[in-house]
Amino acid sequence: MELVGDNHQRLLLSWSSGKDSCWALHQLLQDSGVRVVGLLTTFNSHFQRSAIHGVRMELLRLQAKAIGLPLIEVGLPWPCDNRQYEHFMAVALAS
């Protein structure tokens, strides 16, 4: 997290589209000390589905649009080993 001039911590929420992600977002939106600036999701580039739940990317994009936050999409190859995962995540977070 990064502290910004208005004393809010800016953060990206790892977004799987599941109930735990939704609950985490709900809780964070209640916290006046943080500002959620985007949703981050990994997806299988071959199947165009989220890496965790297998949700179609189209649905994830619609969720992010309805929530009003940008969706940062981290495409992962299939298959994907841990070294590749770490590389693609580092690139996404650096941007």
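Here are a few notes on the predicted model above.

1. Ground rules: residues are numbered from 1 along each chain as its sequence is written. Local features need pLDDT of at least 70 and side-chain atom pairs count only at pLDDT 80 or more, while totals for chains, interfaces and linings use all residues, and side-chain values use heavy atoms, with hydrogens and water left out.

2. Layout: the chain has three helices and five strands, in the order β-β-α-β-β-α-β-α from the N terminus. These are DSSP runs numbered from the N terminus (helices: H or I, at least four residues; strands: E, at least two).

3. Main core: 14 residues make up the largest nonpolar core, and Leu13, Trp15, Leu25, Val36, Leu39, Leu60 and Leu71 have the most contacts inside it. Such a core is a set of buried Ala, Val, Leu, Ile, Met, Phe, Trp, Tyr and Cys residues joined through side-chain atoms within 4.5 Å, where buried means under 20% relative accessible area (1.4 Å probe, protein chains only). Two or more residues each come from β2 (9-14), β3 (34-44) and α2 (57-67), with β3 giving the largest share, four.

4. A second, separate core of five residues includes Leu40, Leu76, Met89 and Ala92.

5. Ser17: this one sits in the loop between β2 and α1 (19-30). Ser17 counts as buried because its relative accessibility is 14%. Leaving out residues up to four places away in sequence, Ser17 touches Cys22, His53, Val55, Leu60 and Gln63.

Terms used. Buried means under 20% relative accessible area, exposed over 50%, partly exposed in between (1.4 Å probe, protein chains only). Contact means heavy atoms within 4.5 Å.
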